[in-house]
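Welcome! Here is a short tour of one protein model, meant for someone meeting it for the first time.

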Amino acid sequence: MRELKPDGAMPVYLMYPRFLLELDMNDTAKMVYLLLYDRARLSMQNGWLDEDGRVYVYYTEEHLAEALRRTEATIRTAMNTLEHHGLILRKRQGAGRPNRIYVRIPKDAQTYDRKFDTSQTERKLAPSKNESKNKYFTD
């Protein structure tokens, strides 16, 4: 084990959307959502879009069960819970092919723009005329 330090390497991690904290669902369903969300970010980077421009993923229940060390039945229940809450949409692709999964985000969830705009950040970080300056800001 090592201590977390500002200049140290960070471990690989999953982004946990804050809206999941508010939802009444079990932790397995939330973890399945995290894996699907993470996979959707990769799909977005790789241009996996359907004919309507929506990002989709392929993640079989078998592979989700293996990743989370749960049974396939538990994963199936979690997927049904996510679908019930509207957090995923599954489209069948035909016999022997995995479902296409669309990861969804609630309309009222706080979001941020993926294209990080540093000019807005600088404006937010710069003190207003009424705020006192501190050592982190220079003239």
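Gln110 sits in the loop between strand E2 and helix H5 (118-125); helices (H or I, at least four residues) and strands (E, at least two) are DSSP runs, numbered from the N terminus. With 76% relative accessibility, Gln110 is exposed, a label for over 50% relative accessible area, while buried means under 20% and partly exposed lies in between (1.4 Å probe, protein chains only).

A word on the model itself: it is predicted, so local features need pLDDT of at least 70 and side-chain atom pairs count only at pLDDT 80 or more, whereas totals for chains, interfaces and linings use all residues. Residues are numbered from 1 along each chain as its sequence is written, and side-chain values use heavy atoms, leaving out hydrogens and water.

Another loop residue is Arg69, located between H3 and H4. Arg69 is not a glycine, yet its phi is positive, at about 55°. Most residues other than glycine have a negative phi.

| Residue | Relative accessible area |
|---|---|
| Gln110 | 76% |
| Arg69 | 77% |

Now for the strands. E1 (residues 88-91) and E2 run antiparallel and are joined by four bridges; strands pair if DSSP finds at least two bridges between them. One of the paired positions links Arg90 with Ile101 in E2. Strand E2 (residues 100-103) is covered on both faces, with Arg100 and Tyr102 buried on one side and Ile101 and Val103 buried on the other.

What about the interior? The largest nonpolar core has 25 residues, of which Val32, Tyr33, Leu36, Leu64, Met79 and Leu82 touch the most other members. Such a core is a set of buried Ala, Val, Leu, Ile, Met, Phe, Trp, Tyr and Cys residues joined through side-chain atoms within 4.5 Å. At least two residues each come from H1 (19-22), H2 (27-45), H3 (61-68), H4 (72-84) and E2, and H2 gives the largest share, eight residues. Leaving aside residues up to four places away in sequence, Leu82 touches Met25, Ala29, Val32, Tyr33, Leu36, Leu87 and Ile88, where contact means heavy atoms within 4.5 Å.

Lastly, look at H2 and H3. Thr28, Met31, Val32, Leu35 and Leu36 of H2 meet Leu64, Ala67 and Leu68 of H3.
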